[in-house]
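The entries follow the order in which I looked things up.

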Amino acid sequence: MEALATGSAPSRPGLPPPTRHSTLRRPKTLPASSPTRRIIAAVPMDGTSGRPSAPLRCTPAETDAAATGSDQTEAETAGATEQGNGAPAADGPAASIEGLDGIKIRRRPVTGPSVHHVGPFQFRLENEGNTPRNILEKIVWDKDVEVWQMKEKMPLYRLLGPLGSAPPARDFVAALKASYDWTALPALIAEVKKASPSRGVLRENFDPVEIAQAYEKNGAACLSVLTDRKYFQGSFENLEAIRNAGVKCPLLCKEFIIDAWQLYYARSKGADAVLLIAAVLPDRDINYMLKICKKLGMAALVEVHDEREMDRVLGIDGIQLIGINNRNLETFEVDISNTKKLLEGERGQLISQKDIIVVGESGLFTPDHISFVQNAGVKAVLVGESLIKQEDPGKAIAGLFGKDISPVSSPV
Ligand SMILES: O=C(O)c1ccccc1NCC(=O)[C@H](O)[C@H](O)COP(=O)(O)O
């Protein structure tokens with residue numbers, strides 16, 4: 001399949017997975033100046049007393065991070081010698097400089113694994129370089145391990161079959177435009193989300209298909225389906241089940257995409273669109289992933305949170321959808337005036353010139369909130385909590401918009 005040609009890939013996405021090593025190696029060096037280097041635990045590994053009930057294990061990410069040492073493969077030397085944020089792979093203070101390439105988080109632990117083996121012991125050495133600084137960094141580091149494990153089980157070539165038999169991609173952008181034209185209100189992307197790191201479990205009695213059908217019936221233009229299991233209790237099974245149940249609304253795969261492989265996987269599970277987070281992905285990755293999405297027929301919702309990310313994204317060609325997240329993913333603070341702030345002045349003008357649809361994301365609970373972001377310039381909204389927490393999430397849509405927006409209702 002043509003879309004599988006990843007030969008022109010820049011550094012990390014699409015590269016063959018780095019060689020893994022069965023034993024842990026020390027990272028080349030720990031930063032000499034490492035200020036908070038601490039031994040947290042020393043655990044004998046031979047089953048004698050003192051062994052923890054859930055033994056510490058070295059994870060692929062740990063071996064992977066260690067692989068930034070001296071015996072890298074050619075591919076790693078060519079591409080993966082960066083953290084994915086342009087930072088040098090391992091040593092020294094430069095490795096932890098934030099903001100290189102514009103992204104705020106470190107894509108991997110910069111000082112290598114926190115777990116080390118000495119004889120029969122495992123040591124956990126924590127320092128600034130291998131301790132996540134915020135939830136987004138933690139999610140992305142965990143995602144790195146998860147994606148590596150998934151790729152091991154299902155390498156790209158083995159996705160060919162599922163990709164070929166996946167239901168065809170539907171036009172996510174056209175669905176948003178049609179809804180906006182019909183209702184003269186922001187098109188709704190309703191989120192199928194059981195839990196979140198900031199809010200915990202949002203809905204105990206969670207039937208993803210039933211919720212998706214209710215959203216569709218009550219006027220959602222598109223759906224956003226959380227697929228991350230660890231932090232959102234979502235799954236690709238949910239995405240697939242919703243697609244297979246005959247829901248016609250195009251589906252956004254709400255995932256933390258860090259590797260091009262995930263785009264193919266999402267498409268093979270029936271996704272029509274994916275989320276690309278500017279705080280996580282350098283421009284070159286966004287560029288590259290947009291091209292793959294296009295080949296796969298999927299839309300990409302490129303998410304920003306601040307002016308800097310917005311300016312970066314506005315410099316990238318081919319973007320059709322920009323999501324402004326009102327939630328700061330590092331602090332969980334939600335402020336819907338963020339949408340207005342990012343659309344003021346020249347940025348708003350450029351967005352109109354480029355015919356980009358802006359999606360207002362997070363913290364939208366009332367018709368006033370919807371009016372506020374619409375007046376700021378959004379043509380679509382992404383809403384989770386305020387719908388999913390209601391007894392009847394479908395009916396809650398009319399409450400959110402202040403009127404019935406279902407397809408059977410009359411247009412304005
Ligand atoms: O919501 C979180 O706690 C969260 C934490 C870390 C990364 C992403 C997170 N949420 C993703 C979203 O921003 C929302 O799911 C989406 O925009 C809908 O927001 P809401 O309507 O407030 O549920």
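Entry 1. I sorted the residues of the shell around the ligand into eight nonpolar, seven polar and five charged (Ala, Val, Leu, Ile, Met, Phe, Trp, Tyr, Cys and Pro count as nonpolar, Asp, Glu, Lys and Arg as charged, and the others, Gly among them, as polar). The model is predicted: local features need pLDDT of at least 70, side-chain atom pairs count only at pLDDT 80 or more, and totals for chains, interfaces and linings use all residues. Residues are numbered from 1 along each chain as its sequence is written.

Entry 2. I found 20 residues surrounding the ligand, the closest being Ser196, Ser198, Ser362, Gly384 and Glu385 (a residue is near if its C-beta atom, placed from the backbone, lies within 6 Å). Helix H3 (135-153), strand E13 (380-383) and helix H15 (385-388) each contribute at least two residues to this shell; helices (H or I, at least four residues) and strands (E, at least two) are DSSP runs, numbered from the N terminus.

Entry 3. I then examined strand E11 (residues 321-325), where five of five residues are buried (20 or more other C-beta atoms within 10 Å of the residue's own, C-beta atoms being placed from the backbone). Leu321, Gly323 and Asn325 lie on one side, Ile322 and Ile324 on the other.

Entry 4. I looked up the partners of E11. Strand E10 (residues 299-304) runs parallel to E11 through four bridges, and Val302 stands opposite Ile322. Five bridges join E11 to the parallel strand E12 (residues 357-361), with Leu321 opposite Ile357. Strands pair if DSSP finds at least two bridges between them.

Notes: A residue is buried if 20 or more other C-beta atoms lie within 10 Å of its own, exposed if 12 or fewer, and partly exposed in between; C-beta atoms are placed from the backbone.
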